[in-house]
Structure formats: C-alpha cells, structure tokens
Amino acid sequence: MFKRANKITSLLIAAASVMSLVPAYAADVKKIDSDDGTVYNAVAYKDGKFFVDGEINDDEEAYYVSDGKFNKLEDIDSGDDADLFGEKYLDINDGDYTVDLDKGSITDDDTKGDTADDASADLRKKIKDDTDDRYDEDFANNIIDENKDDTEDLTKLNILPGAKYKSPWYYTQYKAADKAVNDNVNGLKGTDASKQFFNVYTDTKGGYIDADYNLGKVKVTTTADGASTKTETIENTNDKYDAAGKDDALTASVSQDKILTQDDDYIYRLATIKVNVTTDAAATARISEINGVELNPENANDKPQIFKVENDGRTVSFKAIQKISKAQDSDDVDGAKYAKTVTTYALSDEDGKNLDAKDLFLNTDGTINEDTKFTVANGKLIAYNTEMNEYKKVVVRAYSLKTKGGYYYADEEDESKEDCEVSSQDDKTSAVQTDVDGNLWRLDGGYIYKFDNTDDWDKVYKVDGSFDELSVYDKDNIAAWSEDDDVYSLIGGKSSDDDNNTNPPTTTSGWVQAADGTWTYNKEDGTKATGWLNLNGVWYYLNTDGVMATGWLNLNGVWYYLNPSGAMATSWLNLNGTWYYLNSSGAMATGWLNDNGTWYYLNTSGAMLSNTTVDGYVLGSNGAWIR
C-alpha cells in the first residue's frame, strides 16, 4: 500500500471506530459527531454498511464497514477507482474486482462487464427470434448516432441514467430495415435507410422494448378549406390517420433527444414529436390544434408556444417528455416488442407555452443541455444542475406530469437555487446526490439537506462544517467527509456506546423478501404492515399475514389489480390481450367510460369490448365509440 503525501496520520483505531446512530425519520435536525481519519472515497449502503477508502489507524486501505467495524479489503488498493453498479456492487478499476456491498465479499469477476455481455447476448437472441421487418437483418450492423458523445457507442449497450442502487437497464439502437423506411414507419420515408435507427431499451435478461413506436395519445385537429375539421388521436408512428382534407392523411414520428432518468417502472426521455399532413396530391389540410391547444404559429404573445409550425401548417413539431413503461405490451410491431404504456407530455405549461425553466432542458441555441441531471422522487420529475449558474450553486426544479382537458404537459414548481459544497473544480456534483428512492440531497455549510420534491430543502443533519463530499443510500445511511481536513462521519449502524454482545439488533424497516419469494414490509416499530400501504405515492396491499398482494384483488366487491412489483395499477391495463381500466383510486371500471373525450364500454368483468354494438352505439376495433 502507498502513503499519500501531506496527510495527517489518523488517531482512529479501527476496532474502536464509531458511527452515529440516528433514529429513523427523526423530526428534528440531528447533530452528528465526526471522527478523525482521512477518507478519499466512501459509498453508503443500507443497514449501516459502507465502503470506505482512506487512512485509518495509520494505514491506507480500502475497508468494508458493518456494525461499526472496519474490515480491510485485502485485494483492493487504496486509491483504486470504485464505481457503484446495480443494486449492491462496486466495480473496482473497471472490472478488476467486484465488491458486494451487502456481504462485504470480493471477487475477481467483472460483474459489470459480464452483466452487460449477458444482457447483450439475450437481447440479440430475442431480437433475432422476434422481429420480422422492423430491424435490419444484420443485427450487428447497428449505427453510431453522430450527434452523441464519442464515449457513447450505440453499437453496444449503454447503462440508462438514474435508478441508483437498482438493477440496471440498458439502451442501444438497431438499424431500420429497408421495409420500415419504405413503409414510412416512424417518418423515415424518403431518407437514407443506412442512417435510420430505432431506440431499444432492455433489462439484464433481454426483456426489451422498442421505444420509437408507441406515442400514447396525441390528439391532432386538422382544418381544410377554412371550414371542415377532423380530430384524430395518434397512438403510434406506424399508422396513418385521417385528416380533414380529401385523401389527406396524418402521420407522426418521434426522435430521441436525451434519456433523462428512470424509476422502478418507467423510463423518462426528452423527445421531439413531429406530426405531418401527407397526401399523394397537393394537401389541403392544415394542423390547427394539438391536444386541444389551438396553434399560434406567429407566437405573438410574450411567452411563445412550444409548437414549431412549418410547411404552410402541414408540419408541426414539439419537444416532449415521454414516460415509457418498462413492461412490454402483449402486442408487437413487426414482431418487435414495444412498451405497454407511453404518455407524451409536451414540454410546456398547460396552455402550450414555454416553461419558465426551459433552459434546464435546452440551451438557448436549442441544443440539449447535457449538464442537467434528472431524478424521479415521489412521482415527480426533478431536474438539477450545478453548472448553469455561479460556482457552488445547485439549481433545482420539480415537475408534475399532468393532463388538463386532454392536454398533457409539465407543471413546473418554483425554482430553488441554493449553495452546495464542491470539493474540487473537476467534480462539481460531489455534494449533490440522489438516494435509493430518487430523493435529492445536498451538503452545505455543515448541514445535510433533503429536497422536499417541491421547491424547498429540509435540514436533516448538522455535521462538521468542513465536509464537502457526500454519499447517500437513504435517510439513515449516509457518509460525509472532508479529505483535506481529515474528518468524516458515517450515519447508520451502531454507536460507540453499543455493546455488540448484549444489545438486541436494530430492526430494519422496509421491504423483506422471504425464502419463498414473497414480500412483506416492516414498519418502523418492527411489525409487519397489513392492508393498504402508500410509499412515495405508490399504493401496495399487504394481506392479513403481511404478504404483498399481486394480480387481481377483490375488496368488499371492488376489484383492483396489483402489478408484479406490487404497485397498484391505474389507467389502462392490458392482460393477455384484454384491456381493462383502473380508476385513479385503483378500482376497476365497468360500463361506459369517457377517457379524455373518447367513449369505451367495459363489461361486468371489466373487459373492454370492441368490434360490436352496445346500446345502439358502434364500437371500433380499438374499443372507441365510432361517432
């Protein structure tokens, strides 16, 4: 092991090292004691477990900390790069070793690389087995998007941002087949097929979704001859939809600008949606409304609309945030699997006008702001940037993705701009971190703050004023330190006054998986939760024995559906090709249903009817009442 110059030898004895025990969800700001010792890098994990690289007891070592004990990781040298990967792993020196943060074990396996290789192989096999005419037959002949950074090779799998301490998801691109281009799929007709591609996301087992097919619902109104109008709901990029003009048709395309982040169930990206009126002759129809918002191409007001109107009103494009489910739809497009649900939210306010903080997404010249990072917490999309303003400031905006009168938009909160510590010019985000639940944390002036997911910060801990680096797993497991001042604190685990032989173990709250694969949830008092449970805005149901319910659930004659993750389903649900609708309360709908102006009929079992007549009203192939 090597010695770093100009470091004060730590007086800390490893066997007597202490960590501060802080009650979970304490209401008041808690003062955290600090320990002497030089920490170069630390990674917090759950249940009071940490990776610490530093000078402890006059030795520069890498340590695994559990229950207040510092255990040397013999194969890891102090100063080795240690990057968090997946739910519980540290990737050491780009695959030289892997540290299991849950067990403290070390292997010489390249877990990060092996996982990506396995995911790539599984994806290629499923793509080859599934697809007919959507992708080029030479699946190795993907392309590199020339607009991306040189470090991002789209011929390979790249890890999706977000979802810290979660199983990784990857993205790549597959070249479009000639048939897809010739059939005007995704707006590709008339372009060079060699430069067209589809964005694909996949989990570690090759459970993929094609992200460029499903658009959700984009309602487009066209006007022809100054009088006749027609409104169509565009749901995908493959089909043509009727326009107001004779023989005119509507088509739509989507292009990916930037993958923003992810949570357990969804991937969020910034995309450009383009809608076109096409015809074999001279088109007469013009696009007059998008999702009920009347277009104002002159942008005469003080806050312009986000819609870009071109081609004499026959082409309209706009930036949007797409919320894409990780679950596959039961159907496919030319054999390729696509997302079960996609919701397209215009990057605008409820009136279709520019957001106040549009610059968090886009630079003034319209290019993507690559400095802004994103997270999802308590159902809100949160954008944060530590480089767009003066040094040592973090700018944060929270967005609720909403719908009003059929218009899907981003409702932005007030901007928060606060000081934050920065340990070096090269690492501007070391004291701004996200946790396992997507919450945002910052360190400044001797306090650790948690963003309230609206527009303010809550003080949680008082720490040493010299601290300038931070690692957060959750509220009860945090590491903070100052390398220059040779001091650190580990929040979690046991305190120095604990007697390991006499004190009972601390009960861990949260989800617990049994040997049979079932899940229960321990409350703070150690008892199992039963009945309905709301965690960060997501509802779960725990049976009387505490076991988490999945699938259909009947409570007092009301049916609910719990996804495989246990999360209560809302909105449209496709099960084995049958569509159901779950209200915002989770209750299954029956009878007539008005969804954003479109009527559907759900029979007594909840199944949506199609290609039939009910009460004299004709239902089309998509279940919608044909007016």
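Biologist: How many residues does the chain have, and what share of them counts as buried?

Modeller: There are 627 residues, and 52% of them count as buried. Keep in mind that this is a predicted model. The accessible surface of the chain comes to about 28600 Å², with 41% of that belonging to carbon and sulfur atoms.

Biologist: What is the chain built from, in terms of helices and strands?

Modeller: It has two helices and 50 strands. As for contacts between residues at least 6 apart in sequence, 52% of them join residues at least 24 apart.

Biologist: Which residues is V99 in contact with, leaving aside its neighbours within four places in sequence?

Modeller: They are L73, I76, K88, Y89, L90, I92, S105 and I106. As for F51, its C-alpha is 8.9 Å from that of V99, and the two residues are 48 apart in sequence.

Biologist: Now salt bridges. What makes K49 and D102 a salt bridge?

Modeller: The cut-off is 4 Å between a side-chain nitrogen of Lys or Arg and a carboxyl oxygen of Asp or Glu. For K49 and D102 the N to O distance is 3.2 Å, so the pair passes. K49 sits in the loop between β3 and β4, while D102 sits in the loop between β9 and β10, so the pair ties together parts 53 residues apart in sequence.

Biologist: What about R397 and E412: which strands are they in, and how many residues apart are they in sequence?

Modeller: Their side chains meet in a salt bridge at 3.7 Å, N to O. R397 lies in strand β29 and E412 in strand β30, so the pair ties together parts 15 residues apart in sequence. R397 is at 9% relative accessibility and E412 is at 17%. Both values are under 20%, so both residues count as buried.

Biologist: How many salt bridges are there in the whole structure?

Modeller: The search finds 20. There's also a network of salt bridges linking D59, E61 and K72.

Biologist: Why would such side chains pair up at all?

Modeller: Side chains of opposite charge can pair when their charged atoms come close.

Biologist: Last topic, strand β27. What makes you call this strand mostly covered?

Modeller: Strand β27 runs over residues 373–377, and four of its five residues are buried.

Biologist: And how do you know that β27 pairs with β28?

Modeller: Pairing needs at least two bridges between the strands. Five bridges join β27 to β28, so they pair, and they run antiparallel. Within that pairing, K373 stands opposite Y384 in β28.

Biologist: How many residues lie between the strands of that hairpin, and which residue takes a positive phi?

Modeller: Two residues lie between the strands, and N378 takes a positive phi near 55 degrees.

Technical notes. Residues are numbered from 1 along each chain as its sequence is written. This is a predicted model: local features need pLDDT of at least 70, side-chain atom pairs count only at pLDDT 80 or more; totals for chains, interfaces and linings use all residues. Side-chain values use heavy atoms; hydrogens and water are left out. Buried means under 20% relative accessible area, exposed over 50%, partly exposed in between (1.4 Å probe, protein chains only). Contact means heavy atoms within 4.5 Å. Accessible areas come from the Shrake-Rupley method with a 1.4 Å probe; for residues, only the protein chains shown count as cover.
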